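Trainee: I would like to go through this model one feature at a time. Where do we start?

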Amino acid sequence: HPVIQDNGTIDVFWRTPSDGFGHAWNDWQGWHATTLSGTLASDPRPVIQPNGTIDVLYRTPSGGLGHNWYQAGGSWFSNTVPGSVSSEPYPVVQPNGTIDVLYRNPSGGLGHSWTQGGSWFSNTVPGSIDSKSWPHAFAQADGTIDALYRTPTGGLGHSWTQGGSWSSNTLVGSVALDAPKATTEAATGVGGSEATLNATVNPEG
């Protein structure tokens, strides 16, 4: 998964064949590659804060929420932050720099981890997610966060917050089960849930 910094540097993150944490970047000297700290059980998903800090979130083999971050001009750091994760985690960053991470927890609920002022917290917010799905989230300019996912009955679940408590409902829509990941990736180049969501929201891909 790639991100681009304000200075034009491109950073790409992936899970290696041995479940390591791959990182490649392109700057004025060309492309470089290395392996960062961390053992992954999901894809690593990066976000960039307004101050340029890159944060990458992923599921660890023990179901924790792994976190690596980099501050421009510094070094990479890693830790495990609060959260019990049973799916791909999906981070978003708000305009004020707050990072929110949404994921399916072991009981099928909508897990939520977030950071404020350098500390991390976690809770469970309204929403019930199918065992083969995970939430796709986005942050609006006004700070509203929306998460969309397949419910256990095949509906289009929607959870959201406007800076306070969370709410949820089921939108109009019938969401298909994901195709087997290997088959979908071979056909589309992206993971199963991403392929399904792309086909639903953007029929042209």
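Mentor: This is a predicted model. We start with S128, which has a relative accessible area of 39%. Buried needs a value under 20% and exposed one over 50%, so S128 is classed as partly exposed.

Trainee: Which strand does S128 lie in?

Mentor: S128 belongs to strand 12, which covers residues 119-128.

Trainee: Which residues is S128 in contact with, leaving aside neighbours within four places in sequence?

Mentor: On that basis, S128 touches G108, Y149, R150, T151 and P152. For a C-alpha to C-alpha distance, take S107: 21 residues separate it from S128 in sequence, and 8.9 Å in space.

Trainee: Is S133 buried or exposed?

Mentor: The relative accessible area of S133 is 7%. The cut-off for buried is under 20%, so S133 counts as buried. S133 sits in the loop between strand 12 and strand 13. Its side chain reaches the backbone nitrogen of R150 at 3.3 Å, and R150 is also among the contacts of S128.

Trainee: How do I read the sheet order 13-14-15-16?

Mentor: The order lists the strands as they pair across the sheet. Here 4 strands make an open sheet with antiparallel pairing. Strand 13 (136-139) and strand 16 (166-174) are the edge strands, each pairing on one side only. On average, neighbouring strands are turned by 20° against each other, direction ignored.

Trainee: How many bridges join strand 15 to strand 16?

Mentor: Strand 15, residues 155-161, is joined to strand 16 by 7 bridges, and the two run antiparallel.

Key:
Residues numbered from 1 in each chain as written. Predicted model: local features only at pLDDT ≥ 70, side-chain atom pairs only at ≥ 80, totals over all residues. Heavy atoms only, no water. Buried < 20%, exposed > 50% of the residue type's maximum accessible area, 1.4 Å probe, protein only. Contact = heavy atoms within 4.5 Å. Pairing = 2+ DSSP bridges. Axes fitted to C-alpha atoms, helices over the stretch in contact; angles between N-to-C directions. Polar contact = N/O pair within 3.5 Å; in protein donor to acceptor, adjacent residues only side chain to side chain.
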